[in-house]
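The sequence and structure come first, followed by the description.

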Amino acid sequence: MNIALIGATGFVGSAVLHELLQRGHRVTALARDPARLAPRAGLAVVQADAQDAAQVARAVAGHEAVVSAYNPGWDNPRIHDEFLRGTRAIIDGTRQAGLRRILVVGGAGSLFVAPGVQLVDTPEFPAEWKQGALAAREALNLIRQEEALEWTFLSPPILLEPGERTGRYRRGQDAPLMEADGRPGGISVADLAVALVDELEAPRHVCQRFTVAR
């Protein structure tokens, strides 16, 4: 497939880029600084600002799908506002370009840990991640309003870590997956990328959110 990828230099996006290329997909990566991406077979890089819908639209036009792992950075003091500005621009730009399929990697904070209670609203949720998690929850709410797009939103598990690619994972929907002993489930970023590209190749969660864990 011919895929437009946003966020290819980030923790999740770089793993998604590797998985896409390993499977033989052609990838156009959108980047503010194209020099940050080394040349690779199957990869084209275009300069574009993910917070500008017109630039997004020009860059993704002609592709079969958009994959967004956009995140302005957990240490960015403006992460909440920039996350939402980027989310809106990516959604609008995808729609303006006439594409229908978009897959978005969001956060675990919007997963429900009890009826009516999302993880980001619990007292234990780390303060340093809260603004980004709140923005990711709003991003999910925004994309759920979309009628023109065939969207999928992937929430990572509570624990997302570096690690090996096993190709194995469990799927869930709106609640975090747990281990048999009650501990939070986790996954390597490489296997999160496997789950995302599997969904791209064989859609099972169109206009739905899903989550995964090992």
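## Salt bridges and their surroundings

At 42% relative accessibility, D121 counts as partly exposed, where buried means under 20% relative accessible area, exposed over 50% and partly exposed in between, with a 1.4 Å probe and protein chains only. The model is a predicted one, in which local features need pLDDT of at least 70 and side-chain atom pairs count only at pLDDT 80 or more, while totals for chains, interfaces and linings use all residues. Residues are numbered from 1 along each chain as its sequence is written, and side-chain values use heavy atoms, with hydrogens and water left out.

The side chain of D121 forms a salt bridge with that of R137, at 2.7 Å from N to O. A salt bridge is a side-chain nitrogen of Lys or Arg within 4 Å of a carboxyl oxygen of Asp or Glu, and by this rule the count comes to 15 salt bridges. R137 lies in helix α4 (residues 127–144) and D121 in the loop between β7 (117–118) and α4, so the pair ties together parts that are 16 residues apart in sequence. Helices (H or I, at least four residues) and strands (E, at least two) are DSSP runs, numbered from the N terminus. R137 counts as buried, at 17% relative accessibility.

A salt bridge also joins D174 and R209, whose closest N and O atoms are 2.7 Å apart. Because D174 is in the loop between β10 (170–172) and β11 (186–188) and R209 is in strand β12, this pair ties together parts that are 35 residues apart in sequence. D174 is partly exposed at 30% relative accessibility, whereas R209 is buried at 2%.

The side chains of D181 and R183 meet in a further salt bridge (2.7 Å, N to O), and both of these residues are exposed.

| Residue | Relative accessible area | Class |
|---|---|---|
| R137 | 17% | buried |
| D121 | 42% | partly exposed |
| D174 | 30% | partly exposed |
| R209 | 2% | buried |
| C207 | 37% | partly exposed |
| V197 | 1% | buried |
| T28 | 10% | buried |

## Aromatic pair and cavity

Rings of Phe, Tyr and Trp (its six-membered ring) pair if their centres lie within 6.5 Å; planes under 30 degrees apart count as stacked, over 60 as edge-to-face and the rest as tilted. By this rule the count comes to one aromatic pair. Its members are Y70 and F83, in an edge-to-face arrangement with 6.2 Å from centre to centre and 65° between the planes. Y70 is in the loop between β4 (65–68) and α3 (79–96), and F83 is in helix α3, so that the pair links distant parts of the chain, 13 residues apart. Y70 is buried, with a relative accessible area of 12%, and F83 is buried as well, at 6%.

F83 also takes part in the lining of a cavity. On a 1 Å grid over the protein atoms alone, a cavity is a set of points where a 1.4 Å probe fits but cannot get out, and lining residues have an atom within 4 Å of a point. Grid points are joined across faces, edges and corners, and a volume is the space filled by probe spheres set on the points. A search of the whole structure finds one cavity of 30 Å³ or more, and about 120 Å³ of space lies in the largest cavity. Its lining comprises 13 residues, of which S68, F83, T87, V104 and A139 are the closest to the centre. The elements α3, β5 (101–105) and α4 each give two or more residues to this lining, and α3 gives the most, with four residues. By class, the lining has ten nonpolar, three polar and no charged residues; Ala, Val, Leu, Ile, Met, Phe, Trp, Tyr, Cys and Pro count as nonpolar, Asp, Glu, Lys and Arg as charged, and the others, Gly among them, as polar.

## Individual residues

V197 is placed in helix α5 and is buried. V197 and L20 are 177 residues apart in sequence, yet their C-alpha atoms are 6.8 Å apart in space. Leaving aside neighbours within four places in sequence, V197 is in contact with E19, L20, R23 and H25, contact meaning heavy atoms within 4.5 Å.

T28, in strand β2 (residues 26–31), is buried. Not counting residues up to four places away in sequence, T28 touches I3, A4, L5, A44, V46, A59 and H63.

C207 is in the loop between α5 (189–201) and β12 (208–213). The phi of C207 is near 60°, a positive value in a residue other than glycine.

Definitions and conventions: On a 1 Å grid over the protein atoms alone, a cavity is a set of points where a 1.4 Å probe fits but cannot get out, and a pocket is an open set with protein on both sides within 12 Å along at least five of seven lines; lining residues have an atom within 4 Å of a point.
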